[in-house]
Amino acid sequence: MNKNSQTRPPRLISMKEAEKRTGVSRAFINRARAEGEFPKSVQIGPKRIGFVEAEVNQWIQERIDARGEVA
């Protein structure tokens with residue numbers, strides 16, 4: 001197997017990083033999560049959550065792709 005055919009292992013990003021990447025607030029993310037409109041979180045510790053990086057990237061791409069569609 002060559003280097004290019006290997007897939008990267010899943011990576012978790014923090015809430016703070018999810019806020020930076022998406023450009024939306026923690027409150028928006030929490031509301032969207034509650035409505036099933038944002039990737040599910042992963043419990044990292046007793047008071048800490050994270051998100052699967054690829055799922056957040058996909059969410060961002062879906063917003064970009066949807067900008068040309070009429071609601």
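Analyst: A polar contact is a pair of N or O atoms within 3.5 Å; within protein, one atom must be able to donate a hydrogen and the other to accept it, and residues adjacent in sequence count only if both atoms are side-chain atoms. The model is predicted, so local features need pLDDT of at least 70 and side-chain atom pairs count only at pLDDT 80 or more, while totals for chains, interfaces and linings use all residues. Residues are numbered from 1 along each chain as its sequence is written, and side-chain values use heavy atoms, with hydrogens and water left out.

Helix α1 spans residues 15-22; helices are DSSP runs of H or I with at least four residues, strands are runs of E with at least two, and both are numbered from the N terminus. Within α1, M15, A18 and T22 are buried, that is, under 20% relative accessible area with a 1.4 Å probe and protein chains only, exposed being over 50%. These residues lie on the same side of α1 because they cover an arc of only 55° around the axis, taken from the directions from the helix axis to the C-beta atoms. K16 and K20, on the other side, are exposed. The buried residues pack against β1 (12-14), α2 (26-34), β3 (48-52) and α3 (53-66).

T22 has a relative accessible area of 17%. Its side chain reaches the backbone oxygen of A18 at 2.8 Å and the backbone nitrogen of V24 at 3.4 Å. Not counting residues up to four places away in sequence, T22 touches I29, F38, V56, W59 and I60, contact meaning heavy atoms within 4.5 Å. G23 follows α1 and has a positive phi, near 80°.
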